[in-house]
Amino acid sequence: MDVQLKKGVLDLCVLHAIRKNESYGYRIISDLQGIMDISESTLYPILKRLEASGYLTTRTAEHNGRLRRYYKITRDGLKKLESGKKDLLEIHSIYKKLFGDRL
Amino acid sequence: MTYNEWRDELKSNLMSVPESEQRRVLAYYAEAYADRREAGYSERAIIAEFGAPYDAAQKILHEKVDEDIHLPPSPAEPEERSEKREKKVKKRRRSNIFLIIIGILILIPLCPIALALIIASVALCVAPFAMCLGGAGYFFSGIWFLFEHGGAHACMTIGAGIAFVGVGVILFPVVFKLVKLLWNLIGMAFTAVSYTLRGKEHTV
C-alpha cells in the first residue's frame with residue numbers, strides 16, 4: 001500500500017478503535033487485529049501524531065500497581081474520523097466503478 | 001536478548017532525541033511490555049513482536065509506517081533543501097566515523113586493563129582458600145609438634161593456624177563483594193564502549 005495512504009488509513013483505524021471508549025496501547029493493537037495488523041513500534045508515532053493534531057488526548061492512571069496511558073478521542077478526532085469514513089467510501093465507490101467486483 | 005537489554009539498546013538508539021521524549025518512549029514500551037506479560041506472552045515473544053530496537057527507534061525518529069520504506073523527497077522540493085539535507089547527512093557520517101575511531105582507541109588500552117583486573121580477581125578468590133588451608137596446615141602441624149616436643153612454640157603454631165583459618169573465613173564475603181564489583185566495572189566499561197560503537201555504526 002502507498003505509504004501516505006497507509007498512514008492515513010492507520011490514523012483512521014486508531015481513531016476508530018477509541019471512538020466509543022478511551023483505550024490503551026495494547027488494547028488498540030488487539031482491537032485492530034484482523035483489520036490492520038500493527039505493532040507497538042508502528043502505533044507509537046501514530047498516537048503521537050494524532051495527539052499533536054488534537055485528535056486525541058491522553059491521561060495516565062494507575063493499573064495493577066503501575067502506570068498506564070489511556071487515549072481518548074476528541075471532538076476534532078470524531079470529525080476527522082467521519083471525514084475519513086467518507087473518503088474511504090468514496091475510494092470504494094471509485095474502485096467499484098473502475099474494477100467492478102473483480103479483485 | 002532480555003527485555004532490559006532490548007530497552008537499553010532502544011535507549012542508546014534514541015540519544016539524538018530530547019530526554020523528555022526518550023522517557024516517554026521508554027514508558028510507552030514498558031507499559032506495552034507489562035500489558036503483554038499480563039496477557040500471557042513470554043518475554044521472548046514480546047521482544048520478537050517489538051522488533052529490533054534499532055528499527056523501533058527509526059520509526060520513532062522518522063515516523064515510518066513500513067520498515068523498508070524510506071519516504072523520498074517530494075518532486076516539488078527545492079534543490080537547496082535537498083542539498084542542505086545531504087550536507088547534514090555527510091556531517092553526521094563524518095562525526096560518526098570519528099566516534100568509532102575514538103571508541104576503538106579506547107578499547108585498545110581497555111583490553112589489557114580488563115585482563116589484569118580479571119587475573120587480579122582470580123588471585124583474590126584464591127586468597128581466602130589459601131589462608132584457610134595454610135591455617136589448617138599450621139594447626140595440625142602445631143598439634144603434631146605439641147605431642148612430639150610440647151612447649152610454647154607448639155601452642156603458638158596452633159594459635160596461628162586457628163587465626164589464619166579465622167581470617168580466611170572472614171575474607172570470603174569481603175573478597176566475593178570485591179570481585180563482584182570488579183567484574184561489574186569491567187562489564188560497565190565494555191558496555192559503554194560497545195554502545196558508543198554500535199549506536200553510531202547504524203547511522204553511518
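A residue counts as buried under 20% relative accessible area, as exposed over 50%, and as partly exposed in between. Glu38(B) has a relative accessible area of 44%, so this residue is partly exposed. That cut-off will be needed again below. The model is predicted.

Start with the interface. In chain B, 23 residues are in contact with chain A, and 27 residues of chain A take part in return. The size of an interface is often given as the accessible area lost when the parts come together. Here the area buried between chain B and chain A is about 2400 Å². Carbon and sulfur atoms give 50% of that area.

Polar links also cross this interface. The rule finds 15 residue pairs in polar contact between chain B and chain A, both residues being at pLDDT 80 or more. On the side of chain B that touches chain A, the elements giving two or more residues are α2 (19-38), α3 (43-50) and α4 (53-62). Helix α2(B) supplies the largest share, with 11 residues. By class, the residues on this side of chain B are 13 nonpolar and 10 charged, with no polar ones.

Now turn to the charges. Side chains of opposite charge can pair when their charged atoms come close. Over all chains, the structure holds 11 salt bridges. Across the interface of chain B and chain A, the rule finds six.

Arg66(A) and Asp35(B) are both buried. For Arg66(A) the relative accessibility is 18%, which is under 20%, so the residue counts as buried.

Arg66(A) also forms a salt bridge with Glu38(B), at 3.0 Å from N to O. Glu38(B) lies in helix α2 of chain B and Arg66(A) in strand β2 of chain A, so this pair, too, joins two chains. Salt bridges that share partners join Arg66(A), Arg68(A), Asp35(B) and Glu38(B) into one network.

What does its side chain reach by polar contact? One contact, of 3.3 Å, joins Arg68(A) to the side chain of Tyr70(A). Another, of 2.7 Å, joins Arg68(A) to the side chain of Asp35(B). Leaving out residues up to four places away in sequence, Arg68(A) touches residues of chain A including Tyr24(A), Arg59(A) and His63(A). In chain B, Arg68(A) touches Glu31(B), Asp35(B) and Glu38(B).

Glu22(A) pairs with Arg59(A), and the closest N and O atoms are 2.5 Å apart. Glu22(A) lies in the loop between α1 (3-17) and α2 (25-32) of chain A, while Arg59(A) lies in strand β1 (residues 56-63), so the pair ties together parts that are 37 residues apart in sequence. Glu22(A) is partly exposed, at a relative accessible area of 30%. Arg59(A), at 41% relative accessibility, also counts as partly exposed.

Notes
Residues numbered from 1 in each chain as written. Chains lettered and ligands numbered in written order. Predicted model: local features only at pLDDT ≥ 70, side-chain atom pairs only at ≥ 80, totals over all residues. Heavy atoms only, no water. Contact = heavy atoms within 4.5 Å. Buried area = accessible area lost by both parts, 1.4 Å probe. Salt bridge = Lys/Arg side-chain N within 4 Å of Asp/Glu carboxyl O. Polar contact = N/O pair within 3.5 Å; in protein donor to acceptor, adjacent residues only side chain to side chain. Helix = DSSP H or I, 4+ residues; strand = E, 2+ residues; numbered from the N terminus. Nonpolar A, V, L, I, M, F, W, Y, C, P; charged D, E, K, R; others polar. Buried < 20%, exposed > 50% of the residue type's maximum accessible area, 1.4 Å probe, protein only.
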